[in-house]
Amino acid sequence: MLTDVQGERLVRLARAAAERYVADSTIIVPDSNNYDGLATRAGVFVTLNYLKGAEEHLRGCIGFPLPYKPLHQSVVEAAIAAATQDPRFPPVSDAKELARIVFEVSVLTEPEELKVASPAAYRDAIRVGRDGLLLKWRYGSGLLLPQVPAELGWDADEYLANICYKAGAPPDVWLDPSSRLYTFQASVFKELRPGGPVVRLQEQYK
């Protein structure tokens with residue numbers, strides 16, 4: 001489990017990496033010796049939300065579901081990708097825009113396949129607000145972080161339909177016996193305002 005201090009360091013690192021890359025295309029190489037406890041391998045996503053008044057709007061979200069690399073290195077790569085490579089949005093343009101973006105880092109447990117007697121039992125097996133979902137079907141895959149359905153007020157059926165949409169599939173492909181559904185949890189840390197204090201979001205996410 002990450003401490004609040006470690007979570008804050010990851011969020012600060014994510015912002016610093018994006019700011020440096022947007023400014024001059026330099027990629028920060030964090031020294032493992034300066035990130036005690038954060039060189040372990042873990043899946044991670046970095047989410048950018050743009051402030052319009054008091055409302056937040058998604059500006060980018062990229063990450064790595066599986067623990068391929070040390071956590072601090074993955075955060076740097078995910079932050080840069082979220083700011084510049086999310087195909088849903090144009091790249092973040094400059095420091096002025098970054099000054100209106102809130103950074104959020106989600107550190108994931110390793111996804112585990114959800115075993116049920118039949119696909120229809122998925123709706124009772126998942127816990128909205130705790131479980132993130134990873135769906136693999138015959139033509140691709142998709143992932144939703146556990147905070148997404150909680151923030152949008154989805155029930156289990158809406159969550160399952162939307163993970164299908166995220167995977168580029170019909171909304172009922174989760175009922176296909178050939179599909180595979182995986183769950184994971186996350187420790188989520190977020191700025192209260194751009195560059196401001198960092199807080200751990202609800203414990204239900206892990």
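Here is a short chat about the predicted model shown above.

Visitor: Hi! What does the secondary structure come to?

Guide: Hello! This is a predicted model, and its secondary structure comes to six helices and nine strands.

Visitor: And what size of box do the C-alpha atoms fill?

Guide: Along the principal axes, the box is roughly 50 × 35 × 30 Å. The radius of gyration is 17 Å, and a compact globule with 206 residues would have one near 17 Å, so the two agree.

Visitor: How much of the protein is buried?

Guide: Buried residues account for 47% of the 206 residues. As for the accessible surface, the total is about 10100 Å², and 51% of that belongs to carbon and sulfur atoms.

Visitor: Okay, what about contacts between residues that are at least 6 apart in sequence: what share joins residues at least 24 apart?

Guide: That share is 70%.

Visitor: Let's look at H1. Where is it, and what should its residues span?

Guide: Helix H1 covers residues 4–24. Its 21 residues should span 30 Å at 1.5 Å a residue, and the C-alpha atoms at its ends are 31 Å apart, which agrees.

Visitor: Which residues in H1 are buried?

Guide: Among them are Gln6, Gly7, Leu10, Val11, Leu13 and Ala14. Further along H1, Arg15, Ala17, Ala18 and Val22 are buried too.

Visitor: What do those buried residues pack against?

Guide: Quite a list! On the strand side there are E1 (43–52), E3 (101–108), E8 (186–191) and E9 (198–200). The buried residues of H1 also pack against helix H2 (71–84) and helix H3 (95–98).

Visitor: And what comes just after H1?

Guide: Ser25, which takes a positive phi of about 65°.

Visitor: Changing topic: how many salt bridges does the structure hold?

Guide: There are 14 salt bridges. In general, side chains of opposite charge can pair when their charged atoms come close.

Visitor: Which residue does Asp4 meet in a salt bridge?

Guide: Asp4 meets Arg200, with N and O 2.8 Å apart. Asp4 lies in helix H1 and Arg200 in strand E9, so this pair ties together parts that are 196 residues apart in sequence.

Visitor: Nice. What does Arg59 pair with?

Guide: Arg59 forms a salt bridge with Glu97, and their closest N and O atoms are 2.7 Å apart. This pair links distant parts of the chain, with Arg59 in strand E2 (residues 55–64) and Glu97 in helix H3, 38 residues apart.

Visitor: Are Arg59 and Glu97 buried or exposed?

Guide: Both Arg59 and Glu97 are buried.

Visitor: What about Arg138, where does its side chain go?

Guide: The side chain of Arg138 meets that of Asp176 in a salt bridge, 2.9 Å from N to O. Arg138 is in the loop between strand E5 (132–137) and strand E6 (140–144), while Asp176 is in the loop between helix H6 (156–166) and strand E7 (180–184), so parts 38 residues apart in sequence are tied together.

Visitor: Is Arg138 buried or exposed?

Guide: Arg138 has 55% relative accessibility, so it counts as exposed. Asp176 has 22%, so Asp176 counts as partly exposed.

Visitor: Which residues are linked in a network of salt bridges?

Guide: Arg15, Glu19 and Glu191 are linked that way.

Visitor: Last one: where is Gln185, and what does its side chain contact?

Guide: Gln185 sits in the loop between E7 and E8. Its side chain makes a polar contact with the side chain of Asp131, at 2.8 Å. Gln185 is also 8.1 Å from Glu110, C-alpha to C-alpha, with the two 75 residues apart in sequence.

How values were computed: Residues numbered from 1 in each chain as written. Predicted model: local features only at pLDDT ≥ 70, side-chain atom pairs only at ≥ 80, totals over all residues. Heavy atoms only, no water. Helix = DSSP H or I, 4+ residues; strand = E, 2+ residues; numbered from the N terminus. Expected span 1.5 Å × (residues − 1). Buried < 20%, exposed > 50% of the residue type's maximum accessible area, 1.4 Å probe, protein only. Contact = heavy atoms within 4.5 Å. Salt bridge = Lys/Arg side-chain N within 4 Å of Asp/Glu carboxyl O. Polar contact = N/O pair within 3.5 Å; in protein donor to acceptor, adjacent residues only side chain to side chain. Rg over C-alpha atoms; globule rule 2.2 N^0.38 Å. Areas by Shrake-Rupley, 256 points an atom, 1.4 Å probe, with all protein chains shown as cover.
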